[in-house]
Amino acid sequence: MKIFDEMESEVQSYARSFPVVFNKAKDCYLYTDSGERYIDFLSGAGSLNYGHNNDNIKQALVDYIAEDGITHGLDMHSDAKRNFLEVFRDKILAPRDMEYVVQFTGPTGTNAVEAALKIARKITGRSNIISFTNGFHGCSLGAVAVTGNQHHRGGANVSLCDVDRMPFCGYYGRDVDTVKMMDKLLSDPSSGIDKPAAMILEAVQGEGGLNVATNEWLQAVDKLCKKHGILLILDDIQAGCGRTGTFFSFEKAGIKPDVITLSKSLSAYGLPFAVVLIKPELDQWEPGEHNGTFRGNNHAFVTAAAAIEHYWSDNKLELAVQEKAELVTKRFKKIIDAHGGIALGLKGRGLMQGIDCRTGELAGKVCAQAFKNGLVIETSGNHSQIVKCFCPLTIATEALSEGLDKLEQSFAEVFADEKLKKAS
Ligand SMILES: *Cc1c(COP(=O)(O)O)cnc(C)c1O
């Protein structure tokens, strides 16, 4: 580890939880240079929904490179981009009756969020944005301004302005209608809430603790935005690309957000790639008004298109995700029941579920124990109190069960230890 300690900035984070050197990965497995095997329930924070080096995707990239296909082309046309746009339109947008233009931004999620906020402000001529408690949207200045987490916000060291924060679905409990509250604030010229350009939200909050917006709440927010002439930006960077069981996390609510951001698993291969989907009538960009050298990663076009062709031409993956999600729920309930003495709770939806351990300390211990047992898994939430299961969507049921066994064992070991400490 000497070179990492010597050379790498203190800003590194995941490496602290998993202090080994990985040198190989396949599907749901990570391997270290000393030959250890881990099951990966982190999946690149949701960037590896199809697992590592997926064989159904890999060959397309290998062939493309072998044929000297375009690697970098600024935002010029390439056949890889053409194919991606065609496949994305035909297999993802059209079957869902969605009409959007695609803006290729810089390759990370936060680049897409910056572009989404910028176009919303340009269209409306307003500066204010409404974002939500526990929302996470990235770490560049515009995106971190709409992010809730104080640790990330504090890193900015400049004023993060032009944002009003509102309570997310269920923030004050299921009985408080936070949309009604927002409606009152937005209707009152003396409330102090300036009419925003847009609202930005996740349908399931990935980093903020796997808080789920109900379909009714999403529909009500959509209606509220329309009523007040506010644009709706749905940040589907983490919850999208099948993670919740449908390609987009908000599909079941039947809404059509004005602007959608996608990144993380869009390339399907762990390659950096981000887009903003904009309703055609809202595409008011001037040529080059928002740009970036690495707009559209041609290798990612190839892998994204291959993944969509393979996994989204029918509903097999969706059904498999729903089945695996049920298994996760069942196994999590069993863990929660077994340790009922110390309250635990179930969070999330689809294959973004977690166990609420109430304290970050306990959740951290469970994840550390899981790592000892051969499982890579991380926490999420405002106090890092949620143990978050992010297995690949394509994981084999046996491997999923094995991972869940390891997690169950880790909970049992940590809780036995906690009981001992309490008794002594
Ligand atoms: C990860 C994430 C981002 C930021 O993406 P980066 O690639 O880390 O910049 C934005 N929004 C959501 C919902 C995310 O999960």
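**Close-up views of a predicted model**

View 1. At 70% relative accessibility, N157 counts as exposed (buried is under 20% relative accessible area, exposed over 50%, partly exposed in between, with a 1.4 Å probe and protein chains only). The model is predicted: local features need pLDDT of at least 70, side-chain atom pairs count only at pLDDT 80 or more, and totals for chains, interfaces and linings use all residues. Residues are numbered from 1 along each chain as its sequence is written, and side-chain values use heavy atoms, with hydrogens and water left out. N157 sits in the loop between helix 8 (150-154) and strand 6 (163-166) (helices, H or I, at least four residues, and strands, E, at least two, are DSSP runs numbered from the N terminus). Its phi is near 55°, a positive value in a residue other than glycine. Most residues other than glycine have a negative phi.

**View 2. A268, a second residue with positive phi.** The phi of A268 is near 70°, and A268 is not a glycine. This residue belongs to the loop between strand 11 (259-262) and strand 12 (275-278). A268 has a relative accessible area of 1%, so it is buried.

**View 3. The two domains.** Domain 1 covers 2-55 + 316-423, and domain 2 covers 57-311 (the bounds come from an automatic or database domain assignment). Taken over C-alpha atoms, the centres of domain 1 and domain 2 are separated by 26 Å. Each side gives 33 residues to the contact (contact means heavy atoms within 4.5 Å).

**View 4. The largest nonpolar core.** This core has 92 residues (a nonpolar core is a set of buried Ala, Val, Leu, Ile, Met, Phe, Trp, Tyr and Cys residues joined through side-chain atoms within 4.5 Å). Among those with the most contacts inside it are F41, W217, L262 and F411. Helix 11 (residues 298-311) supplies the largest share of this core, nine residues. Domain 1 and domain 2 each give the core at least three residues. Leaving aside neighbours within four places in sequence, L262 is in contact with residues including F88, I237, F248 and V275. A second, separate core of 27 residues includes A112, A198, I233 and I278.

View 5. E10 and R16 form a salt bridge, with the closest N and O atoms 3.2 Å apart (a salt bridge is a side-chain nitrogen of Lys or Arg within 4 Å of a carboxyl oxygen of Asp or Glu). By this rule the count comes to 22 salt bridges. E10 is exposed, at a relative accessible area of 62%, whereas R16 is partly exposed at 48%. R89 and D90 also meet through their side chains in a salt bridge, at 2.9 Å from N to O. D90 is partly exposed at 42% relative accessibility, and R89 is partly exposed at 48%.

**View 6. E418 and K365.** The closest N and O atoms of this salt bridge are 2.8 Å apart. The pair links distant parts of the chain, as E418 is in helix 14 (residues 397-423) and K365 is in helix 13 (residues 360-372), 53 residues apart. E418 counts as buried at 19% relative accessibility, and K365 is partly exposed with a relative accessible area of 26%.
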